[in-house]
Amino acid sequence: MSDNLDLWRRALPSETLHTTSTGWDVADRTLVELYLIWLTTGALDMIQEIDPGLHSILQEIMEERLEDEEIEL
Amino acid sequence: MTIPIEALMQKKAAGFTHTEGRYPDFQHELAELESAGEIVVQKIEGDVVEVPTKFGRPKRIQKGHLWHHKSCGQCGHIPGYSTSIFWIMRKLGYDYEDPRDQTSCTAWNYYASATSNAAAQAAVAVRNFAAAYETGYYPLIHCGTSYGHYKEVRHELLAHPELRAEVRKVMEKLGKPLVLPEEIVHYSEWLYAMRHEIAAAQVRDVSNIAVTVHPACHYYKLVEGDAIFDPDVYGGQRTAVVTGLAQVLGAEVRDYSTWFDCCGFGFRHILVQRDFTRSFATMRKIERMKEEADPDVVLTHDTGCVTTLDKSQFAAQAHDRNVGVAVLSEAQFAALAMGAHPYKVCQLHWHSANYKPMLEKMGIDHEAAWAEFQADLKRLERGEKQYLDWDDMD
Amino acid sequence: MTSETVVVIGGGPGGLRAARGVAELGASVVLLEKDERLGGTPIRENYAGLTPHGLKAEPLMNQMAEAVTSNPHADVRLQTTPVALSGEPGSFTLTVSGPDGTSDIECGAIVVATGFQHFDPGRETQMYGYYEFDDVITLPDLEAMLKVENVVRPSNGEAPKSLCFVQCVGSRDRRIGNEYCSKVCCGVASKEAIEVRELLPDCKVYIFYIDMRMYGYWENEIYWKAQEKQHVQYVKGVITEVLPKGDGLVVRGEDTTMGRPMELPMDIVVLSVGMEPSQGTREMAPMLGIDANRFGFIDGPEAPLDPVATSRPGIYACGAALGPADLEDSVSSGANAAMKAVGFVRGLVQAG
């Protein structure tokens with residue numbers, strides 16, 4: 001299946017499914033909105049308690065992205 | 001001396017009673033908050049089918065103009081699940097929106113690892129509902145977990161003003177209103193509501209197909225009051241979705257004793273005790289079905305259930321267990337009955353357990369179908385097309 | 001003008017006791033009963049023996065009814081239900097609908113004795129297959145079989161070799177909104193368990209429970225009797241499912257004392273269904289202008305010291321219309337309501 005993954009995904013009739021990195025092709029703006037929710041509700045902070053390393057990676061990616069979009073927390 | 005059995009049987013035959021007002025009605029609360037200007041309620045529009053629910057209130061299912069809230073696991077692992085839903089909708093002539101503006105419901109994260117909180121979960125739900133509302137299409141939830149989880153979120157939002165305030169703050173940052181739909185609808189409810197239209201479009205006979213049904217826990221065990229329970233299916237004692245559709249299509253639905261059990265997925269189990277998941281799925285579900293009902297196919301209506309019941313069989317086969325039965329969503333089964341291509345539309349090659357005997361019983365030449373699909377893949381490889389599209393499906 | 005007449009609505013144990021009480025105090029009473037005969041739920045649902053002593057229900061209910069019908073102060077109207085109320089406490093006009101159409105009754109006070117109904121285990125819990133499996137029955141279903149002394153499996157007419165009770169069906173259940181204990185089911189199940197064992201000594205009998213609630217003397221009268229004399233097996237654990245197996249049933253759950261799952265074949269499963277307000281009780285609150293609680297029972301705002309008062313002067317309630325109640329509760333509160341109602345109208349008369 002992994003050998004054919006890209007080809008098989010391209011054979012799917014729904015346009016949103018022609019992707020192998022996420023379940024469906026997600027709009028950039030949508031991704032940013034999810035980041036914003038995680039950051040403002042403290043959901044991301046909960047990961048800090050469990051895995052500080054993972055938390056700092058995620059936080060960096062998300063905050064950088066929000067900065068690019070000029071969204072203030 | 002007479003035996004009061006007859007009276008008992010008569011009472012049972014008359015069926016259960018509904019008591020008006022026994023359960024709190026979320027729709028009343030929705031309407032109150034809407035008129036207070038606290039929330040926006042997305043209304044059901046156009047043609048509607050009314051279906052019966054567990055607690056008695058009829059549920060209204062919008063037929064067309066639907067916004068597909070996709071499922072991570074379906075799209076990722078068994079994409080024929082999603083494409084079959086779309087294909088049926090197109091075939092029946094109902095328009096829909098397949099959005100890019102949709103996040104995961106993130107309930108997986110929440111249930112399996114508890115690394116989320118009530119405000120985040122509610123904000124994600126409302127964000128997606130608002131995204132649907134902005135398009136004018138009405139949300140239809142593909143995933144059983146998202147469906148159950150969103151109903152829990154609705155309950156929490158209606159009960160807790162402080163949570164509403166917190167979510168409203170987040171929504172203001174996103175520039176979105178606090179929206180909840182009039183009804184939260186699962187795709188299997190839509191299929192159930194549309195079952196007679198589906199059967200009218202049926203081109204393949206499935207009357208020789210024996211089916212067992214696994215009802216999905218997150219469909220009918222979370223906020224169960226507005227799940228579809230129909231007196232005509234199992235006497236209203238189990239959810240009617242999947243079974244009702246299979247029956248209308250003419251398949252033979254067979255019963256087995258562990259129908260109530262989880263598929264084995266269990267959320268936490270699939271992450272941290274996967275051997276338990278595999279054993280449970282095969283020994284407690286598949287083997288029981290094989291022993292008691294010997295089905296040609298297991299039908300279910302949730303992402304995790306299809307993957308778990310299907311892919312767990314691979315490991316069990318290595319141990320010579322009594323497994324080896326196709327596992328499909330009822331959407332894929334209905335699509336096949338309506339003439340869908342087993343590989344192009346239903347994408348059965350993503351499934352693990354052997355589905356070919358079932359296709360043969362349906363009168364489908366799977367070798368020829370596979371050759372057709374391979375020919376399409378060749379076209380992609382040759383660069384004739386970048387992607388297949390809906391025109392390639394028929 | 002103040003009327004000395006008291007209307008009692010409902011001819012079950014509570015209502016019969018209230019009507020008898022009013023008549024014995026020398027006031028006139030009109031007893032309304034929606035069915036064709038008096039006796040209420042014990043008669044309509046074919047109760048066998050009354051809890052706790054197991055004395056036969058039908059002759060005892062007939063005696064209670066006779067005490068009312070033979071009293072010259074009592075006017076019993078069968079197949080009659082109230083439809084509207086006007087006027088003020090002391091001078092109410094109650095419109096009733098009966099076999100001869102509608103008519104008005106002038107009365108000074110009213111006693112609501114509209115009782116309860118058994119929880120319907122099919123629709124809302126849907127876990128135990130009541131409408132799915134013939135051999136899944138309820139406490140009142142078994143009661144009806146015990147009354148004719150013929151306990152058999154409905155599926156095949158044969159005597160069961162194993163029978164179990166599942167406690168708290170429709171009670172103590174937040175999920176379905178019945179967050180109360182129905183009080184009597186532990187006692188009734190134990191009483192029926194004794195009766196089954198007496199009738200069918202070869203039948204094994206189990207009771208699956210959350211915890212057994214044996215009030216006062218029931219502990220000795222039923223609980224220990226069931227275990228020590230009849231060897232009824234009490235298992236602490238909730239049954240999660242009833243499943244078909246062969247031509248019988250299997251119950252599954254957790255034995256919490258042993259800390260392990262259990263799965264037992266069973267010929268008959270008896271669901272110990274709790275109490276819910278009867279249709280009549282649900283209808284009374286809006287019609288009479290009195291408050292109901294959130295479960296639909298009549299609210300008793302003065303409880304515990306004045307348990308029969310409702311939110312409106314001159315209107316009293318008794319028995320299971322107020323919430324889950326056993327027979328002793330019902331009869332006691334019936335007598336209490338009679339005394340309060342007569343005291344109320346006479347007080348007004350004396351005050352002029």
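1. Strand β10(B) is joined by four bridges to strand β11 of chain B, residues 326–329, and the two run parallel; within this pairing, Thr300(B) has Ser329(B) of β11(B) as its bridge partner. Between the two strands the chain passes through helix α15 of chain B, residues 303–318, and this β-α-β crossover is right-handed. The model is a predicted one, and the points here should be read with that in mind.

2. Strand β8 of chain B, residues 210–214, is also parallel to β10(B), to which four bridges join it, and in this pairing Thr212(B) stands opposite Val298(B) of β10(B).

3. In β10 of chain B, which spans residues 297–300, the side chains of Val297(B) and Leu299(B) point one way, those of Val298(B) and Thr300(B) point the other way, and all are buried.

4. Turning to the chain contacts, the one between chains A and B takes 27 residues from chain A and 35 residues from chain B. On the chain B side, at least two residues each come from α3 (72–77), α4 (79–91), α6 (118–135), α8 (161–174) and α18 (366–381), with α6(B) giving the largest share, five residues. By class, this side of chain B divides into 16 nonpolar, nine polar and ten charged residues.

5. The contact between chains B and C takes 22 residues from chain B and 22 residues from chain C. On the chain C side, α4 (139–147) and β15 (239–245) each supply at least two residues, and the largest share, four residues, comes from β15(C); the residues of this side comprise nine nonpolar, six polar and seven charged.

Notes:
Residues numbered from 1 in each chain as written. Chains lettered and ligands numbered in written order. Predicted model: local features only at pLDDT ≥ 70, side-chain atom pairs only at ≥ 80, totals over all residues. Contact = placed C-beta atoms within 7 Å. Nonpolar A, V, L, I, M, F, W, Y, C, P; charged D, E, K, R; others polar. Buried ≥ 20, exposed ≤ 12 C-beta atoms within 10 Å, placed from the backbone. Pairing = 2+ DSSP bridges. Right-handed = clockwise from strand over helix to strand, strands pointing away.
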